[in-house]
Amino acid sequence: MKPIKKRLKKPRANIKKTEIDIVGSGASTEMWFGGKAVENTPINHFRETCVTVTWLKLTEQLLRLTGDAKYADEVEKTYYNALLGSLSNHGANWAKYTPLNGQRLLGSEQCGMGLNCCEASGPRGLFLLPMHMIMETQAGLQVNYFADGTYKLKSPKGQTVSLNQHTTYPKSGLIEMDVDLQKPEELEINIRIPSWSRVNKLIINGEAVAEIQPGTYAKIKRTGKLTIRSRCN
């Protein structure tokens with residue numbers, strides 16, 4: 001698997017370095033052109049929503065294959081900025097192009113369907129994040145993103161794990177989580193510490209966790225129920 005991962009990472013790293021702009025998308029007329037260096041200038045058909053969603057899909061797959069926090073950071077940036085930035089205020093339409101310098105533009109209809117490719121791709125992008133919000137691992141669970149809700153997963157021994165998140169993230173950096181199991185079982189819970197966060201606190205069952213590093217996962221091993229309180233600013 002290692003050679004395969006290397007082949008996957010190198011093209012993606014080059015695209016991020018030369019093409020992906022400050023809000024997490026890029027391309028002109030669906031082609032790479034070194035756009036990151038000129039992202040603040042008027043560009044023809046810049047940042048198509050279909051490109052944004054394709055970048056999200058690629059990066060989510062790399063997160064699933066590697067479990068590396070840098071991919072979750074990239075997905076979060078693209079999701080909250082480039083993708084949601086192309087959605088209309090009332091949520092009924094998707095812009096086809098959303099340049100940093102210029103005007104959001106709706107696309108014309110295609111194939112007589114009354115919509116275009118970006119209006120179909122936008123919702124597909126929205127559906128990506130919930131699928132990878134919490135991932136099962138060989139040792140336990142990995143918390144990639146933060147959103148209020150209840151998530152049902154399987155433990156390494158096959159029992160149901162209920163993870164509840166209470167948060168208004170990203171409006172607030174405070175995240176509270178409860179992890180419930182029917183029977184005691186040692187779990188490794190990996191909690192992502194966003195790379196942008198400079199002040200972080202993580203408390204497990206009332207006990208502070210030391211040496212929290214932004215851009216990584218805090219790894220916690222516990223048996224039984226957990227109450228987790230995290231803050232990133």
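Analyst: The side chain of Asn 200 makes a polar contact of 2.6 Å with the side chain of Ser 197; such a contact is a pair of N or O atoms within 3.5 Å, where within protein one must be able to donate a hydrogen and the other to accept it, and residues adjacent in sequence count only if both atoms are side-chain atoms. This is a predicted model, in which local features need pLDDT of at least 70 and side-chain atom pairs count only at pLDDT 80 or more, while totals for chains, interfaces and linings use all residues. Residues are numbered from 1 along each chain as its sequence is written, and side-chain values use heavy atoms, with hydrogens and water left out.

Asn 200 lies in strand E7, residues 200-204 (strands, E, of at least two residues and helices, H or I, of at least four are DSSP runs numbered from the N terminus). Asn 200 counts as buried because its relative accessible area is 19%, and buried means under 20%, exposed over 50% and partly exposed in between, with a 1.4 Å probe and protein chains only. Beyond four places in sequence, Asn 200 touches Ile 193, Ile 212, Pro 214, Arg 231 and Cys 232, contact meaning heavy atoms within 4.5 Å.

A polar contact of 2.8 Å links the side chains of Glu 185 and Ser 155. Leaving aside neighbours within four places in sequence, the contacts of Glu 185 include Pro 156, Lys 157 and Arg 222.
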